[in-house]
Amino acid sequence: MSEIIDSLKRARIEELLEQGKRLDGRAFDEFREISIETGAIPKANGSARVRIGDTEVVCGVKIQPDRPFPDSGDKGIFICTAEMLPLSHSSVETGPPGPHVIELARVVDRGIRESHMIDVSQLVIKENKSVVGVFADNVVVDYDGNLFDACSFAATAALLSTKSPKWEFKDDAPALVEGSEADLPVGTIPVSVTMGKIGQHVLVDPNADEWQCMDARVTITTNSDGNICAMQKGGHDGFTLEQIKECGKTSARIGAEIRKKFDGISAGSDTEQ
Amino acid sequence: MGGREATMVLLDENGIRCDGRKVDETRRVMIKAGGLKNADGSAYIEFGDNKIVAGVFGPRDVHPKHMSDTDTGILRVRYHMEPFSVGERKNPAPSRREIEISKVIKEALEPAVMLEMFPRTVVDVFIEVLQADGGTRCAALSAASVALADAGIPMRDMVAACAAGKVADTVILDVNNEEDQAGQADMPMGYMPTLEKITLLQLDGILTPEEYEKCVEIGIKGCMQVYELQKKALSEKYFDGENGKGGRGQKR
């Protein structure tokens with residue numbers, strides 16, 4: 001039953017694309033409305049709730065002292081995760097994450113990590129002994145496609161809103177310095193832009209319907225300088241050289257527009273934009 | 001990727017890299033089609049110091065049954081690294097990294113394999129990394145393509161793979177382990193040369209828009225070189241090719 005509806009929907013989507021239209025009336029390079037609300041979870045050191053259309057993601061940042069990784073004692077720890085909650089879609093089951101959720105978490109982490117948004121070299125309490133760990137955990141609350149960008153925006157906004165506690169190294173252990181909070185060392189603002197390919201058409205920010213019937217996708221993250229810092233291609237088809245070059249340009253152009261939405265966000269300010 | 005301090009000379013004043021290669025040169029690549037007795041198709045690749053074996057089974061019945069698709073065959077890929085393949089022993093259980101790489105390799109192969117000819121069946125691709133030295137996913141994808149062809153599974157094209165990247169502010173071909181650790185960017189690519197389609201593309205590291213375009217172009221050139229070696233490996237096994245080894249239809 002659902003299969004028949006899917007193929008009918010795909011036919012309709014393709015028919016509209018031939019006329020230069022999308023099912024929800026957007027232009028090919030147009031995002032749905034993006035709303036970013038920070039400070040939604042006061043118990044977290046930083047947080048954000050992001051909506052792209054009906055997709056909703058909540059990200060909380062927790063900061064705690066940790067032991068450094070053995071091969072990088074002069075660097076703090078940054079880890080970004082993503083999880084789909086069972087209430088976000090009927091197809092989500094409890095239990096260990098499947099390959100597509102693992103990919104989601106790794107791509108979101110990679111985009112922020114490779115942009116060097118967080119300067120981990122400034123997160124050292126005592127070299128080789130104790131460092132600051134920054135954990136940005138995304139949860140998908142409601143699903144309407146394009147989780148890559150929703151989780152990436154949520155993590156970025158949550159990190160920008162984070163007030164980090166401070167520790168000093170005393171008696172061989174990190175000790176909290178009371179009443180001393182600072183912003184995270186932020187170097188750049190990464191923005192990921194996901195594009196889906198249906199037939200020969202490339203669409204920015206595919207919604208759930210488009211996501212379900214697209215042939216291939218690519219997620220490209222750019223930094224504040226407009227340089228590309230991470231990419232991930234997915235889906236059962238490929239891109240031509242020309243298409244992939246064009247996607248690079250689109251991601252920089254759209255990314256620059258979206259980056260403005262992060263401008264007003266700073267630590268401690270509860271904002272909604 | 002970890003630390004990025006350039007403690008070693010990645011690119012000297014003559015444009016020679018840490019392992020003696022030029023900027024647009026791949027490592028030594030050797031591909032052999034076949035080699036496994038029980039698999040329906042197999043391949044072995046040595047890509048620099050990477051040593052990888054790929055085996056294909058199918059099309060065959062799907063287990064568990066609910067995974068089967070009445071419209072088309074399905075592809076399953078498992079990329080796995082042996083505990084002894086890297087410097088420090090790797091836990092043999094599949095890591096998140098391996099699960100992600102399995103997925104991107106599967107999606108890179110899917111456009112090439114004519115699965116729609118075999119509804120309700122599965123083609124299983126098993127990739128085992130015996131020794132790893134940077135660029136395993138590309139070497140693994142190249143080997144898996146040859147193994148699928150060796151299994152006689154109808155294909156639209158082969159997928160050839162090679163990475164491009166950036167070290168010392170220079171765009172280079174085929175990033176090795178040292179360059180991956182200390183370099184500025186790594187962009188693995190998979191490409192179908194006949195259909196002119198990019199089917200695997202990832203990047204970590206920072207590239208300007210100009211460097212990005214140059215990287216994709218040089219990456220495709222690397223894939224074309226690997227493609228020639230893939231064809232050579234198959235022709236050596238199945239035809240009395242230039243090297244005169246093997247015979248038509250010979251199993252091993």
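**How chain B meets chain A**

In this predicted model, 29 residues of chain B are in contact with 29 residues of chain A.

Me: What makes a residue of chain B count as being in contact with chain A?
Reply: Two residues are in contact if their C-beta atoms, placed from the backbone, lie within 7 Å. In chain B, 29 residues meet this condition with 29 residues of chain A. The side of chain B that touches chain A draws at least two residues from each of α1 (96-109), β9 (197-207) and α4 (209-238) of chain B. The largest share, eleven residues, is supplied by β9(B).

Me: Why are β12 of chain A and β9(B) called paired strands?
Reply: Pairing requires at least two bridges between the strands. Strand β12 (residues 228-234) of chain A and β9(B) have four bridges, in the antiparallel sense, so they count as paired. In β9(B), L207(B) is the bridge partner of I228(A).

Me: How do you know which stretches of chain B call for caution?
Reply: The pLDDT, the predictor's confidence on a scale from 0 to 100, stays under 50 over residues 1-6 of chain B. Over residues 243-252 of chain B the pLDDT is also below 50. Where pLDDT is low, the predicted coordinates should not be read in detail. Chain B averages a pLDDT of 92, and 92% of the residues score at least 70.

Me: What ipTM and pTM does the predictor give the complex?
Reply: The ipTM is 0.80 and the pTM is 0.88.

Technical notes: Residues are numbered from 1 along each chain as its sequence is written. Chains are lettered from A and ligands numbered from 1 in the order in which they are written. This is a predicted model: local features need pLDDT of at least 70, side-chain atom pairs count only at pLDDT 80 or more; totals for chains, interfaces and linings use all residues.
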